[in-house]
Amino acid sequence: MSDAKPLNLAAFVMNTTSHILHGAWRAPEARQTDFNSLTHWIELAKTLEQARFDFIFFADVVGLYDDYQGDWKKFVDSGLQIPSNDPLVLASALASHTEHLGIAITSSILQEHPFDFARKISTLDHATGGRVAWNIVTSLSSNAWRNFGYDGITAHDDRYAWAEEYVDVVYKLWEGSWDDGALIQDKESGIHADFDRVHKIHHVGAHYRVEGPHLVAPSPQRTPVLFQAGSSPTGRRFAARNAEAQFIVSPNPAAAQALTADTRRLAAEAGRDPSDIQFFQGLSFVIGSTEEEAKRKARELDDYIDPSTIIAHSAGGLGFDLGFYDLDTPIGEIKTQGTQSTLLWLREAVPDREPTVRDLAELRSRSGRVVGTPEQIADRLEQWRDAGVDGINVINATIPDSYVDFAEHVLPVLRDRGLAKRDYEPGTARFKLSGRDRLPE
């Protein structure tokens, strides 16, 4: 299938030990415990660039997930995203050791004022030559909100209304404050910038008052590539208005096809070209030279996976302590302001009945896992591509081996089928993704 559209590839990581596949860090070959080491991340970034990955995609949190069995001991005991370090601090160092790899940073509307955030991102976009992306999140943890002085989490839809104003402010700073060509730097005249082409933004809204101007002249992309991960109805509407790439975790290609089609429909309703949004499906891979070897390696991985930590993580995303619930409790009986996309995912994965807490634990522990030979994995990825998925967010069991094995064994097969690029296009992260350096009008 040489005419197949190549899939984009992102490495889904977090500056912590236990990110998604909790317990896998205990495997002898796992190096996730080196997360405090800058060398660890530089070497991984270089490995990903050699493999022609499009992005290293850093997840992040600014608080603990909600309690498990009444307190937060479980998170510390298991290393469930604590300790976790700020990924933004790594970006310049990773950029200095790579040339093409996009660097996607998760940052919540909660954690940083939009004026300061816009300044940091513009600075990074200059420093990286236009390789920065921003994953827009609203923070689903009550602890995170209390860390920033609030009594508790804001209601789900209200968080997205807040996010709309946040992105409005940063758009005004990135796109509207400096005209193209405003930075003159004329040594003879002594005019450094054209005053008439630099503007204050005078934003006044429900959450922010920002006068401006933006303190950074336009960077190669102006606005970073915009990722978003919400799959709830409100999250999809937000993505349809704002996202250039959406991270999804659909349980199967058919569910992904329905989700992507609906989000593209919403994008058209918002006045956008539906093809302006690309969808990255989260998948992990267990690779064997034979199917039997792959299944054996999957069983060995399961020996390290900690189901109770999987439940604690998933429950934290729901905003409810599932530690005291019977495993057969229907999920629908649990009311939450947390991640609505988790509920949607569960119902898609268990379409014939109301899913239970037990389903959540069992499905999450193997969520998005593809087990097989490189050829079988390529067959499966072709199905995801044909369902409307544009890219894969590759979830690791161990670092760096999950990415090294994928690069050495799966990528050659994908390239032979036209399902993965052989080399980078020149230009910014946005140009590589969409063929343009700047946001469309």
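User: Which residue in β2 is the bridge partner of Phe 12?

Analyst: The model is a predicted one. Strand β1 covers residues 8-14, and five bridges join β1 to strand β2, residues 55-59, with the two running parallel. Within β2, the bridge partner of Phe 12 is Phe 57.

User: What is the handedness of the crossover from β1 to β2?

Analyst: Between β1 and β2 the chain passes through helix α1, residues 38-50. This β-α-β crossover is right-handed.

User: Which residue of β11 stands opposite Leu 9?

Analyst: β1 also pairs with strand β11, residues 391-395, in the parallel sense and over five bridges. The residue of β11 that stands opposite Leu 9 is Ile 392.

User: Within what arc do the buried residues of α4 fall, seen down its axis?

Analyst: The buried residues of α4 are Pro 114, Phe 117, Ala 118, Ile 121, Ser 122, Leu 124, Asp 125 and Thr 128. They line one face of the helix, because seen down the axis of α4 they fall within an arc of 160 degrees. In an α-helix there are 3.6 residues a turn, so residues three or four places apart point the same way. The arc asked for is 160 degrees.

User: Which elements do the buried residues of α4 pack against?

Analyst: Helix α4 runs over residues 114-128 and reaches 21 Å from its first C-alpha to its last, close to the 21 Å expected. Just after α4, Gly 129 has a positive phi of about 70 degrees. The packing partners of the buried residues of α4 are α3, β3, β4 and α6.

User: Which residues have the most contacts inside the largest nonpolar core?

Analyst: That core has 77 residues, and its largest share, nine residues, comes from α6. Apart from it lies another core, of 24 residues, with Leu 21 and Phe 247 among them. In the largest core, the residues with the most contacts are Phe 53 and Phe 285.

User: Is Ser 284 buried or exposed?

Analyst: Ser 284 is in strand β9, residues 278-287. Among the residues that Ser 284 touches are Leu 21, Arg 369, Val 370 and Ile 395. The C-alpha atoms of Ser 284 and Gly 368 are separated by 5.9 Å, although the two are 84 residues apart along the chain. Because its relative accessibility is 5%, Ser 284 counts as buried.

User: What is the relative accessible area of His 202, which has a positive phi although it is not a glycine?

Analyst: His 202 lies in the loop between α6 and β5, with phi at about 50 degrees. Ser 139 also has a positive phi, about 65 degrees, without being a glycine, but Ser 139 is buried, at 11%. His 202 is exposed, and its relative accessible area is 55%.

User: What is omega for the peptide bond that joins Ile 399 and Pro 400?

Analyst: Pro 400 is in the loop between β11 and α14. The bond from Ile 399 is cis, and its omega is about 5 degrees.

How values were computed
Residues are numbered from 1 along each chain as its sequence is written. This is a predicted model: local features need pLDDT of at least 70, side-chain atom pairs count only at pLDDT 80 or more; totals for chains, interfaces and linings use all residues. Side-chain values use heavy atoms; hydrogens and water are left out. Helices (H or I, at least four residues) and strands (E, at least two) are DSSP runs, numbered from the N terminus. Buried means under 20% relative accessible area, exposed over 50%, partly exposed in between (1.4 Å probe, protein chains only). Contact means heavy atoms within 4.5 Å. The expected span of a helix is 1.5 Å times one less than its number of residues. The arc is that of the directions from the helix axis to the C-beta atoms. A nonpolar core is a set of buried Ala, Val, Leu, Ile, Met, Phe, Trp, Tyr and Cys residues joined through side-chain atoms within 4.5 Å. Two strands pair if DSSP finds at least two bridges between them. A crossover is right-handed if, with the strands pointing away from the viewer, the path from the first strand over the helix to the second runs clockwise.
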